[in-house]
Amino acid sequence: MSNDVTTTDGGASTAPPTRRRRALWVAGVAGLTGVVGLAALGGVAARDDKPTSDRVSDAQSSTNQQNVSDAGGADENADGAKESTGQDDEWSGDDWSGFEDRSGKDDKGDDKGRDKGDDKGDDKDRGKQVPCDTDKLIQEITFANNRDGGVLELAKGCTYNLTRNDYEGNGLPVITERITLKGEHTTIGRDATAAYFRILNVGPGGHLTLKGLSIKGGQTIQRAMSVEAATVWAPYSPSVRTTAADQPAKPAATAAAKPGAAAKPAAAAAKPAAAASKPAAATKAKPTAKPATTAAKPAAAPAKPAAAGPAAVPLVEEPGFNDGAGVLVQPGGRAEILDSELLYNQSGGNGGGLANFGTTKLSKTTVAHNTAFFFGGGIFNAGVLQVDESKVKDNNAIIGGGGIANGAAEIFTDDVDGGSVWVYKSEVSDNRTLGFGGGVLDVEGTTTLHETTVRNNTALLAGGGVAVADSQLTLKHATVAGNSTAGVGGGLAVAFDSTATVENSAIKDNTAGFFGAGLFNEDSVTTLRDSEVVGNRAVGPFARGGGIFNTEGGEVTLHRTKVAHNFSTLPPGGIFNSLGGTVTLDDKSAVTANRPTNCFNVPDCFA
């Protein structure tokens, strides 16, 4: 499926990438699964999230706070929240159609108030003072939902400590009207001893604005059935699939993904490993990855169960019950998070800090120290997302998209198509995943990184900085630097019929254990203009293509671009082009000073 949205530049949507499915990665990743486990990233799923002096969000304040629980009573607490800067919420970048309505007013309600003489519209503009009392906050949100919305001014320096939740797992009432929550050094958080629940949920038709708040400590329950990152990505990778088949002593949790899996003969392991976690009646058939050799997959692969007819495809993606531990925005909902923080939230599904299935804008906001057991440690998106002058840092996701995930690969149900993401003048740094896309992951969506830095992120399998599959990616005046992977694509991994455009950008100082420390391009079309790929290192024993690695069927075109000072263990250190791949250099591009050599199978390149 696909989401019908405009492009992030505000123009008409471009044609989606083709759905021709091929193997995502090459055999260089073999040996990763079973060798490197959860401990490779310091125990991302079970790490202690206690704040330390070097991990406190840049936006936090040292101002003393009052702390109040549902039971009332305040005490002093030094856990401060970000102070509102007083900036307006106008988008400071190019004109973008996602938030055309910035007035913050309901014209119908205002006219009604003026025409009929009531003061409803005036009350909304004036704002309602909410004392430092959690029960009062819940009460005022309920009243605002019942009276067509309103502005709630929360107590300065207060921590609203939530200890209970509704039957749907929400710490506060679902937002169904236009409601603004304004604070100063103010925190809304889940009590550490409380049952699991998210903090905020924006329902269809709701419009939530947060200003100057910290949303902290939300937690949604994890599925009882666990899954491994390599298992999820196996259908996209013959190498990962082969590695899984070579390990007879797989953890019981993996075999339990499908009833009766333990009783199958060992030969069944030749099927894609992720098939064990697929439901018998999947509504969206996933493609079978093309093997690197005919031996990687039996000639007669097990057929999918015959379907009665074409499955109905929903127009929009729907969230899971455990998505969005900090904030969940449902389809048809809207959220604006301004001068705020999403901190230390943990999702049992997707989106530790934020899961957006509607339309959401973040401006001058920090998303940090969050965790997702599936995708999007900081942010998960399946709608329209705009991130402006913000920081997404030190988040963790088990399967993919440590910082931001736009869409998700299939786990227990169908995959989730990514929506539209535009990240402007922001920083995505120090995020981690055991799967693909340490900083940013896009699956069947559209992502633009404009004047944005993706730095020091880590992915175990592929795409330390950015990974895209069947997607459209644009980098403009961006920097992808210092990222790493044990697999392929230390800086950027472009695969699965994706289209990537890199303009006036730098891919530098990234590291890979196998291929393409700077750029790994598989069965996709990547264009670099006025950019540089420098100082990247492919350091494994079989590593090639320190700067760029292009596989069979891939196309890479360089215009006025420099590939220099890259290194790999085996030649070439600059650009490796597989037989059947295409790499084109214009006469203003330079491939120089790479070690051991500059190029392999690249016309007009001096080796």
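In this predicted model, the side chains of Arg-529 and Glu-503 meet in a salt bridge, with 3.0 Å from N to O. A salt bridge here is a side-chain nitrogen of Lys or Arg within 4 Å of a carboxyl oxygen of Asp or Glu. Arg-529 sits in strand S38 (residues 525-529) and Glu-503 in strand S34 (residues 499-503), so the pair ties together parts that are 26 residues apart in sequence. Helices (H or I, at least four residues) and strands (E, at least two) are DSSP runs, numbered from the N terminus.

Residues are numbered from 1 along each chain as its sequence is written. Since the model is predicted, local features need pLDDT of at least 70 and side-chain atom pairs count only at pLDDT 80 or more, while totals for chains, interfaces and linings use all residues; side-chain values use heavy atoms, with hydrogens and water left out.

| Pair | Closest N to O |
|---|---|
| Arg-164 and Asp-135 | 2.7 Å |
| Lys-562 and Glu-532 | 4.0 Å |

Arg-164 forms a salt bridge with Asp-135; Arg-164 lies in the loop between S5 and S6 and Asp-135 in helix H3, so parts that are 29 residues apart in sequence are tied together. Lys-562 forms a salt bridge with Glu-532, and these two lie in strand S43 (residues 562-564) and strand S39 (residues 532-534), so this pair ties together parts that are 30 residues apart in sequence. On accessibility, buried means under 20% relative accessible area, exposed over 50%, and partly exposed in between (1.4 Å probe, protein chains only). Arg-529 is partly exposed at 30%, as is Glu-503 at 23%. Arg-164 is partly exposed at 43%, and Asp-135 is partly exposed at 33%.

Now to the cysteines. There are two disulfides, each a pair of cysteine sulfur atoms within 2.5 Å. Cys-132 and Cys-158 are joined with their sulfur atoms 2.0 Å apart, and their link is right-handed, with 80° about the S-S bond. The pair links distant parts of the chain, 26 residues apart: Cys-132 is in the loop between strand S3 (128-130) and helix H3 (134-146), and Cys-158 is in strand S5 (residues 158-162). Cys-132 is buried at 16% relative accessibility, and Cys-158 is buried at 0%. The other disulfide joins Cys-599 to Cys-605, S to S 1.8 Å. Its torsion about the S-S bond is about 65°, so the disulfide of Cys-599 and Cys-605 is right-handed.

What about the interior? Buried residues make up 57% of the 607 residues in the protein chain, and the secondary structure comes to six helices and 48 strands. A nonpolar core is a set of buried Ala, Val, Leu, Ile, Met, Phe, Trp, Tyr and Cys residues joined through side-chain atoms within 4.5 Å. The largest nonpolar core has 70 residues, and those with the most contacts inside it include Leu-181, Ile-188 and Leu-200. Apart from that core lies another, of 33 residues, among them Leu-328, Ala-382, Ile-399 and Leu-441. Contact means heavy atoms within 4.5 Å. Leaving aside neighbours within four places in sequence, Ile-188 is in contact with residues including Leu-137, Tyr-160, Leu-181 and Leu-213.
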